Amino acid sequence: MGRFALRSGLRWKVSLAIAAVSTLVAVVLSLVVHNAARVSMLDNSRTVMDERVKVAQRWYEQSRVLGFGAKLDDPKLPEQLKKEAWRGQRATYLEDSGTGTPEVWASVPLRNGKVLSVHTKFQDRFAVLNDLDRVLLIGSVAVVMGGIALGVLIGDQLSRRLRKAATAARKLAEGDSEVRVREAIGGRVRDETDDLARAVDGMAEALQQRLEAERRVTADIAHELRTPVTGLLTAAELLPPGRPTELVRDRAQAMRTLVEDVLEVARLDGFAERAELQEIAVAEFIARRVRAVAPDAVINVARDAHVSTDPRRLERILGNLLANAARHGKPPFEVTVEGRVLRVRDHGPGFPEELLKDGPSRFRTGSKDRAGTGHGLGLTIAAGQARVLGARLTFRNADPVLDGTDGMNGTDGECRGAVAVLWLPESAPTNTGSFPIIEVPD
């Protein structure tokens with residue numbers, strides 16, 4: 001069962017992080033301001049009530065007039081105030097249920113033994129607190145929205161730089177040695193992205209130098225071997241007829257072929273090869289070349305097409321694919337033409353898993369199922385020549401046998417064979433050496 005992975009952009013992650021922090025700060029500050037304002041209003045209300053009860057006491061003692069709505073021995077007087085009056089103390093009391101406006105009391109004992117008290121709710125004052133809460137809410141929303149906008153701005157700038165760096169890195173991986181990540185991201189801002197770009201550029205330059213050195217060594221060795229191998233092949237022709245002579249000639253010719261293949265791989269690795277384009281009819285061209293190199297192969301033409309390509313390189317690719325099928329696969333061999341798409345199929349054990357996963361590799365001849373003669377350069381050269389043509393060469397295995405009745409493998413579950421597919425481009429490679437993108441269906 002696959003694991004579902006939620007992928008989101010960096011700018012949205014930064015925006016959400018800033019929004020979360022902004023929300024937290026806004027909520028905390030709003031609560032602090034609200035509580036501070038409420039406590040201040042309550043303290044002020046108790047002070048006002050204390051002043052009122054003192055004035056009411058003077059009025060009553062001087063003129064027996066009850067002012068500010070004062071009452072004597074109010075039956076609703078809270079017990080705490082009754083206790084304070086019994087002790088002879090003037091006091092204030094706050095009744096706050098947590099909902100609605102609090103009620104504030106003040107009381108003072110009189111000389112005649114009675115208790116004078118006043119109380120009110122200060123609704124107008126606490127209405128201001130509701131207005132303050134609305135202002136705090138609007139301010140908090142504004143802060144959060146501003147934080148999101150700032151996060152999108154910062155995240156988008158960082159994300160854009162990283163996308164440019166990723167695009168440049170992909171071009172480096174595709175073989176464009178002139179690309180530099182630091183130049184691609186540009187900008188005046190200096191941050192960790194610049195450090196990453198410099199590190200990638202340094203790594204790319206080091207790898208490029210190492211690969212170039214290895215390519216030169218390989219080409220030099222193969223070039224130096226060409227002359228003695230040619231001399232060996234010439235000398236073998238002068239030997240008297242016989243089985244030993246045939247063996248010497250065969251091995252000398254195999255060595256010469258290997259040297260030529262190594263030189264070709266070195267040239268392809270240098271990205272210096274350019275296609276010499278001609279307009280050809282694909283079906284006719286393929287049929288003629290297949291009959292020349294593999295007369296027993298079956299040719300199927302589903303649809304013809306005219307393309308601008310290099311006939312010599314296309315012939316090289318086709319010949320290597322057919323040679324690989326003959327060496328490692330089993331007949332019948334099928335070549336199918338569907339417009340710009342060419343398929344070469346055998347009915348052998350199929351391509352090894354390493355090739356399907358990583359692509360062709362030089363001097364790797366496959367798993368034990370496809371082991372044998374060869375040096376693993378045929379498919380490597382075919383893939384390199386396809387790159388020069390701006391084409392795409394893919395490898396897969398055919399569907400497995402389900403009933404063992406196809407007459408080829410005869411065992412349930414075995415592979416029906418290896419399939420190599422060449423996708424020729426609609427447009428030819430440009431003069432600058434860049435290649436069009438080949439869209440390959442799933």
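Author: A residue is called buried if its relative accessible area is under 20%, exposed if over 50%, and partly exposed in between (1.4 Å probe, protein chains only). The structure is a predicted model, in which local features need pLDDT of at least 70 and side-chain atom pairs count only at pLDDT 80 or more, while totals for chains, interfaces and linings use all residues. Residues are numbered from 1 along each chain as its sequence is written, and side-chain values use heavy atoms, with hydrogens and water left out.

Reader: Why is R288 called partly exposed?

Author: R288 has a relative accessible area of 39%. That value lies between 20% and 50%, so the middle class applies to R288.

Reader: What makes E284 exposed?

Author: The relative accessible area of E284 is 53%. The limit for exposed is over 50%, so E284 belongs to that class.

Reader: How do you know that E284 forms a salt bridge with R288?

Author: A salt bridge needs a side-chain nitrogen of Lys or Arg within 4 Å of a carboxyl oxygen of Asp or Glu. For E284 and R288 the closest N and O atoms are 3.5 Å apart, so the pair meets the rule.

Reader: How many salt bridges does the rule give?

Author: The count is 10. One of them joins R134 and D131, with N to O at 2.0 Å. These two are 3 residues apart in helix 3 (residues 123–173), so about one helical turn separates them. R134 is partly exposed at 49%, and D131 is partly exposed at 37%.

Reader: What makes E51 and K54 a salt bridge?

Author: Their side chains meet at 3.5 Å, N to O, and the limit is 4 Å, so they qualify. E51 and K54 are 3 residues apart in helix 1, about one helical turn.

Reader: Why is K54 called partly exposed?

Author: Its relative accessibility is 23%. Buried requires under 20%, so K54 does not count as buried. E51, at 41%, is also partly exposed. The C-alpha atom of K54 is 8.8 Å from that of S107, although these residues are 53 apart along the chain.

Reader: What makes the nonpolar surface patch?

Author: V21, V25 and L29 make a patch of about 260 Å². Patch residues have over 30% relative accessible area and no salt bridge; like charges are joined within 9 Å, and nonpolar side chains (Val, Leu, Ile, Met, Phe, Trp, Tyr) within 5 Å. V25 is in helix 1. V25 has 42% relative accessibility, so it passes the 30% limit.

Reader: Why are strand 1 and strand 2 said to stand at the edges?

Author: Two strands pair if DSSP finds at least two bridges between them. The open sheet has 4 strands in the order 1-4-3-2, with antiparallel pairing. Strand 1 (71–72) and strand 2 (91–95) each have a single partner strand, so one side of each has no neighbour in the sheet.

Reader: Which strands does helix 2 touch?

Author: Helix 2 (residues 79–86) packs on the sheet and touches strand 2, strand 3 and strand 4 (115–120). Contact means heavy atoms within 4.5 Å. The direction of helix 2 makes about 175 degrees with that of strand 2. Angles run from 0 to 180 degrees between N-to-C directions, with axes fitted to C-alpha atoms, for helices over the stretch in contact.

Reader: What lies between strand 3 and strand 4?

Author: They form a hairpin with 5 residues between them, and G113 in the turn has a positive phi of about 90 degrees.

How values were computed: Accessible areas come from the Shrake-Rupley method with a 1.4 Å probe; for residues, only the protein chains shown count as cover.
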